[in-house]
Amino acid sequence: MLSMTGYGRAMRDVDGRQLTIELKSVNHRFLDLSFRMPRNLMFLEDDARKLIGARLARGHVDVFMTYRNMRSDARKVQVDRALFDAYASALSGLTDSGVEDDRSLMNIARLPDVLVVTEAEEDQDALRALLKETLDAAVDQLVEMRRREGAEMKKDLAFRTDRIEEMTNAVEARYPETVEEYTRRLRASIEELIGKNVDETRLLTEVAVMADRSAIAEETVRLHAHIAQLRECLEKAEPVGRGAGAESGGQHDLLQVPGCADHPAGGGHEGRDREAARTAAEHRIGTKDDKWKE
């Protein structure tokens with residue numbers, strides 16, 4: 001089981017070219033990539049998307065790239081000869097100004113835009129090879145962090161699932177006893193009002209109505225099915241989530257213990273059972289955080 005949050009960083013220096021890549025991922029329904037990279041590396045974005053897409057299936061991933069070309073041929077210096085000649089000619093016209101003429105080649109070269117520094121064209125094949133090596137290493141770190149966090153989440157979710165199953169079993173075990181307790185309370189209330197002459201037929205009819213209204217079998221059967229489904233999801237290597245049962249089933253139906261407790265036999269209405277209500281309260285506390293959504 002992998003988490004969707006993680007971080008990975010790698011730096012590679014090959015033949016005077018240094019590339020650093022950082023990856024930060026958070027929860028997202030699909031794989032969503034966002035790039036921040038130097039303009040001269042923009043041609044690598046499609047390659048990076050394919051490389052990341054082959055390793056990751058979900059999550060919003062921010063990709064940061066920094067690049068340094070330290071090769072001796074990384075830059076070229078050119079002289080704007082026309083501009084140089086124009087500066088020299090203009091300065092020659094000032095020789096009669098009375099100001100000392102200290103012109104030199106270097107002084108004129110320092111004037112704006114005489115020397116132009118340009119970046120050499122990058123070797124795209126060399127950068128593609130450097131990208132693959134660096135990005136693979138960064139993704140390795142990201143996946144390892146996701147794996148460690150996923151293992152902790154799996155352990156926590158497995159523990160919570162076991163507790164929910166225990167609470168569901170407890171509510172199911174209380175159901176027959178609650179019907180019997182409701183029958184005794186109803187009989188006692190009627191006898192208090194009209195004496196011992198209780199119409200057994202009416203009493204049993206009322207109990208049957210309550211038992212039908214308080215039936216929890218549908219909820220508990222569905223809940224047991226989704227507990228089993230969640231456990232299967234926790235063991236799968238491939239991504240699961242929305243539309244795969246983990247959310248529509250797990251997140252919604254794992255909240256059915258409180259629903260069971262809201263029946264008369266489970267803790268609601270006139271047949272409220274304190275033991276079942278306490279179990280439901282524990283369930284609400286245990287499923288109230290965001291781990292079920294993650």
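This is a predicted model: local features need pLDDT of at least 70, side-chain atom pairs count only at pLDDT 80 or more; totals for chains, interfaces and linings use all residues.

Reader: What makes the pair Glu133 and Arg12 a salt bridge?

Author: The N to O distance between their side chains is 3.4 Å. The cut-off is 4 Å between a Lys or Arg side-chain nitrogen and an Asp or Glu carboxyl oxygen, so the pair qualifies. Glu133 sits in helix α4 and Arg12 in strand β1, 121 residues apart, so to speak a link between distant parts of the chain.

Reader: Why is Glu133 called partly exposed?

Author: Its relative accessibility is 42%. Buried needs under 20% and exposed over 50%, so Glu133 falls in between. Arg12, with 28%, is partly exposed by that reasoning too.

Reader: How do you know that Arg163 and Glu166 form a salt bridge?

Author: Their closest N and O atoms are 2.8 Å apart, and that is within 4 Å, so the label applies. Because they are three residues apart in helix α4, about one helical turn separates them.

Reader: And what makes Arg49 and Glu45 a salt bridge?

Author: Here the N to O distance is 3.1 Å, again within the 4 Å cut-off, so they count. They lie four residues apart in helix α1, so about one helical turn lies between them.

Reader: How many salt bridges does a search of the whole structure find?

Author: The search finds 16.

Key
Residues are numbered from 1 along each chain as its sequence is written. Side-chain values use heavy atoms; hydrogens and water are left out. Helices (H or I, at least four residues) and strands (E, at least two) are DSSP runs, numbered from the N terminus. Buried means under 20% relative accessible area, exposed over 50%, partly exposed in between (1.4 Å probe, protein chains only).
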